[in-house]
Amino acid sequence: MRIAEARVIVTCPGRNFVTLKLVTDDGLTGVGDATLNGREQAVAAYLTEHVVPVLLGRDPARIEDTWQLLYKGAYWRRGPVTMSAIAAVDTALWDIKGKVAGLPVHELLGGRSRDGVTVYGHASVSSLDGILTDVGRLVDQGYRAVRVQAAIPGLPTTYGVSADARTYEPAGSALPAQEVWSTPRYLAHVPGVFERVRAEFGPDLRLLHDAHHRLTPIEAATLGRRLEPYALTWLEDPVPAELQEGYRLIRQHTTTPLAVGEVFNSIWDCQELITGQLIDYIRASVVHAGGISHLRRIFDLAHLYHVRSGSHGATDLSPICLAAALHLDVSIPNFGLQEYMPHTAATDEVFPHGYHYEDGYLHPSTTPGLGVDIDEELAARYPYRPASLPVNRLEDGTLHSW
Ligand code: CS2
Ligand code: MG
């Protein structure tokens with residue numbers, strides 16, 4: 001069998017998604033997500049110019065060899081653009097392999113290790129009363145874990161908070177919008193929010209919080225300590241992780257578990273965090289960390305060091321990525337949690353899929369392959385729209401991490 005065709009599809013059913021669709025000479029198809037929020041066209045061009053010509057004529061069964069070819073063969077290793085492109089190829093090849101075998105991808109990965117994939121939802125509306133209502137709504141829908149984000153008094157907007165949490169979408173205007181940040185205001189406000197939520201919902205609900213790379217290690221340590229009475233499941237991305245050893249300092253001061261990894265592209269971005277036991281959850285995703293093959297490698301390393309998975313699952317990762325993530329989630333021994341923000345109805349229509357949510361769990365598709373596709377005719381009705389992620393400045397105008 002040979003790869004006869006490879007199509008790069010960019011579509012915007014509400015937000016931009018990049019998809020690679022491979023077609024074999026036997027007429028089998030495989031799909032992979034290549035969406036990199038705010039940089040979609042860079043990955044699409046990388047695929048079209050540098051990857052597709054290499055793929056044509058290759059044997060789709062050779063997943064590992066193709067991965068190594070695209071990784072080592074490029075000479076320029078790693079990076080979000082390269083790794084998202086490789087991820088799309090890898091994911092599409094697993095899809096094809098499943099269809100050839102007549103098995104869902106999780107069966108090829110060793111079969112089920114659990115009955116369902118526990119997910120966390122988002123509660124992130126402006127007012128404190130609104131947050132309580134929103135957490136209650138998710139609990140009523142069966143969620144066992146909720147990420148809580150609060151508007152910071154005195155700031156015009158806050159990361160992760162929208163009027164309607166269900167449609168939170170950070171990439172908006174064509175050019176980056178500007179947001180304002182104050183760490184002192186944030187640190188003063190957040191512990192009180194969790195005090196209220198914990199008091200209202202009791203000890204069983206798992207609570208999470210995302211600091212979105214805004215703090216220094218000592219500020220993160222302070223926050224982690226102040227949150228200890230509310231027993232969070234994790235504090236996410238407290239500091240940017242280029243300096244992996246920065247997490248050592250946080251660890252020395254707090255037992256609040258730490259989760260990192262949504263911007264990681266390879267095992268090298270987290271090997272010190274994992275082997276130094278500096279984190280508790282690794283949040284890398286199929287699309288941004290080199291596909292099913294490479295993410296499985298990261299999770300295997302993590303397993304040796306008591307680190308569990310907690311994959312990124314925001315709405316800028318397409319239903320193809322979510323479908324692939326669920327096959328991994330259900331099969332690995334060290335699954336922790338899966339982020340879940342339902343996609344819009346338009347996105348779900350463009351990407352018909354077999355996974356489903358029920359009572360706090362997502363269930364992967366049981367049809368051969370990934371169990372997800374792209375409706376190309378429908379996708380063509382939603383042309384690409386430039387949209388950038390915002391930038392973030394301190395109150396004095398200094399550019400800060402977003
Ligand atoms: C967030 C994301 O889901 C998360 O944890 O950090 O919403 C993130 O801001 C976006 O995926 C960026 O594209
Ligand atoms: Mg995050």
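Why are R296 and D300 separated by about one helical turn? They sit four residues apart in helix α10, so about one turn lies between them. Helices here are DSSP runs of H or I with at least four residues, strands are runs of E with at least two, and both are numbered from the N terminus.

This is a predicted model, in which local features need pLDDT of at least 70, side-chain atom pairs count only at pLDDT 80 or more, and totals for chains, interfaces and linings use all residues. Residues are numbered from 1 along each chain as its sequence is written, chains are lettered from A and ligands numbered from 1 in the order in which they are written, and side-chain values use heavy atoms, with hydrogens and water left out.

**Stop 1: R296 and D300**

Select both side chains. They meet in a salt bridge, 3.3 Å from N to O. The term stands for a side-chain nitrogen of Lys or Arg within 4 Å of a carboxyl oxygen of Asp or Glu. Side chains of opposite charge can pair when their charged atoms come close. R296 is partly exposed, with a relative accessible area of 23%, and D300 is partly exposed at 33%. Buried means under 20% relative accessible area, exposed means over 50%, and partly exposed is in between, using a 1.4 Å probe and protein chains only.

**Stop 2: other salt bridges**

The structure holds 22 salt bridges. Select D129 and R196 next; the closest N and O atoms of this salt bridge are 3.4 Å apart. The pair links distant parts of the chain, with D129 in helix α5 (residues 128-140) and R196 in helix α6 (residues 183-201), 67 residues apart. D129 counts as exposed at 53% relative accessibility, while R196 counts as partly exposed at 36%.

Then select E339 and R283, whose salt bridge has its closest N and O atoms 2.9 Å apart. This pair also links distant parts of the chain: E339 is in strand β12 (residues 338-339), R283 is in the loop between β10 (281-282) and α10, and 56 residues separate them. Both E339 and R283 are buried.

To see a network of salt bridges, select E5, R7, K21, D373 and E376 together.

**Stop 3: ligand 1**

Which residues come nearest to ligand 1? Of the 13 residues around it, N37, E236, E262, D316 and E339 come nearest; a residue is counted if one of its heavy atoms lies within 4 Å of the molecule. Now show the polar contacts, which are pairs of N or O atoms within 3.5 Å; within protein, one atom must be able to donate a hydrogen and the other to accept it, and residues adjacent in sequence count only if both atoms are side-chain atoms. An N or O atom in the side chain of E236 is 2.8 Å from an oxygen atom of ligand 1. For H312, a side-chain N or O atom lies 3.0 Å from an oxygen atom of the ligand. R147 places a polar side-chain atom 3.2 Å from a ligand oxygen atom. Taken alone, ligand 1 exposes 340 Å², and the protein buries 95% of that. Accessible areas come from the Shrake-Rupley method with a 1.4 Å probe; for residues, only the protein chains shown count as cover.

**Stop 4: D329**

Go to helix α11 (residues 319-331) and select D329. Is D329 buried or exposed? D329 is buried yet has no salt bridge, and the nearest side chain of opposite charge, R114, is 7.3 Å away. In this count Lys and Arg are positive and Asp and Glu negative, with His and the chain ends not counted. Not counting residues up to four places away in sequence, D329 touches R114, V117, S309, S311, F335 and Q338, contact meaning heavy atoms within 4.5 Å.

**Stop 5: loops**

Select Y75 and R78, in the loop between α2 (63-72) and α3 (80-101). Most residues other than glycine have a negative phi. Y75, although not a glycine, has a positive phi of about 70 degrees, and R78, also not a glycine, has a positive phi of about 65 degrees. Y75 is exposed at a relative accessible area of 61%; R78 is partly exposed at 37%.

H306 is in the loop between α10 (291-304) and β11 (308-309). H306 is exposed, with a relative accessible area of 66%. Leaving out residues up to four places away in sequence, H306 touches Q277 and D280.

Finish at G102, in the loop between α3 and α4 (105-108). The C-alpha atoms of G102 and G369 are separated by 7.4 Å, although the two residues are 267 residues apart along the chain.
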